[in-house]
Amino acid sequence: MSTITTRDGTQIYYKDWGSGPVVVLSHGWPLNADSWESQMFFLASNGYRVIAHDRRGHGRSSQPWNGNEMDTYADDLAQLLDTLDVEDASLFGFSTGGGEVARYIGRHGTRRVARAGLISAVPPLMVRAEANPGGLPIAVFDEMRAASLADRSQLYKAVASGPFFGYNRPGAKPSQGVIDAFWLQGMMAGHKNAYDCIRAFSETDFTEDLKKFDIPTLILHGDDDQIVPVDAAARAAAKLVSHARLVIYPGAPHGITDTHKEKLNADMLAFLQG
């Protein structure tokens with residue numbers, strides 16, 4: 001397997017497909033690089049070198065007890081890009097991965113990055129706070145943590161078969177294959193790592209990170225996202241990123257990397273070629 005070893009000894013697995021201009025993809029919770037396979041296949045087939053890693057504690061990477069928070073996620077990503085000596089990359093993050101991308105730019109700048117993309121992404125802040133009245137109550141995330149401790153396998157099945165892909169909406173046509181793939185990836189994640197990551201994606205404030213974006217940025221989000229509400233996420237983020245282009249997918253759920261992959265792939269490619 002292709003891996004790097006971070007400063008604290010954690011092994012980070014990554015895929016490196018194709019050749020050409022570099023695209024780097026950061027995945028969501030509790031998934032891994034496999035969740036990007038449609039985008040990786042498409043972009044690599046269209047002349048790009050596409051790199052996607054498994055975040056620490058997820059997929060095929062190590063499962064360390066510590067470091068399951070955004071600063072370390074961003075530093076791991078920085079070490080991956082430094083090790084591979086990536087230049088002029090286009091950096092996309094889905095959901096939690098959008099937070100990782102934001103914190104990477106906030107901590108490490110854009111020396112290696114030419115473009116950024118936030119897809120169904122958590123920034124600027126998910127949890128409700130005095131300065132973020134449109135966020136979700138902390139009880140939502142407490143319940144998620146409790147469900148993870150009680151029966152995380154069932155939690156992943158419930159999330160995938162319900163709100164993540166919009167399969168709980170009238171007229172939806174659930175794909176058992178997509179549900180199974182989500183569950184499988186979730187169960188590959190470390191129990192402690194996935195538990196800690198709930199706090200990382202929900203309680204980290206990325207407001208100051210977004211203000212440091214100085215490159216063209218594409219923000220894509222479904223307006224029926226039941227996981228990361230569009231108003232407190234994409235629309236709020238677009239006001240903070242001076243170079244942002246906001247695209248809303250009408251009626252689309254959170255998991256647009258699967259449910260709207262043809263449109264998403266085309267939009268990503270157009271942004272890369274623009």
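**Close-up views of a predicted model**

**View 1. Helix 3 and the residue that follows.** Helix 3 (residues 96-108) has 13 residues and reaches 18 Å from its first C-alpha to its last, close to the 18 Å expected at 1.5 Å a residue; the expected span is 1.5 Å times one less than the number of residues. Helices (H or I, at least four residues) and strands (E, at least two) are DSSP runs, numbered from the N terminus. This is a predicted model, in which local features need pLDDT of at least 70, side-chain atom pairs count only at pLDDT 80 or more, and totals for chains, interfaces and linings use all residues. Residues are numbered from 1 along each chain as its sequence is written, and side-chain values use heavy atoms, with hydrogens and water left out. Because 11 of the 13 residues of helix 3 are buried, the helix is largely enclosed by the rest of the structure. Buried means under 20% relative accessible area, exposed over 50%, and partly exposed in between (1.4 Å probe, protein chains only). Among the buried residues are Thr-96, Val-101, Tyr-104 and Ile-105. Gly-109, which follows helix 3, has a positive phi, near 75 degrees.

**View 2. Strands 7 and 8.** Strand 7 (residues 217-222) and strand 8 (residues 244-249) run parallel and are joined by six bridges; two strands pair if DSSP finds at least two bridges between them. Ile-219 has Leu-246 in strand 8 as its bridge partner. With helix 8 (residues 231-240), the two strands make a right-handed β-α-β unit: with the strands pointing away from the viewer, the path from the first strand over the helix to the second runs clockwise.
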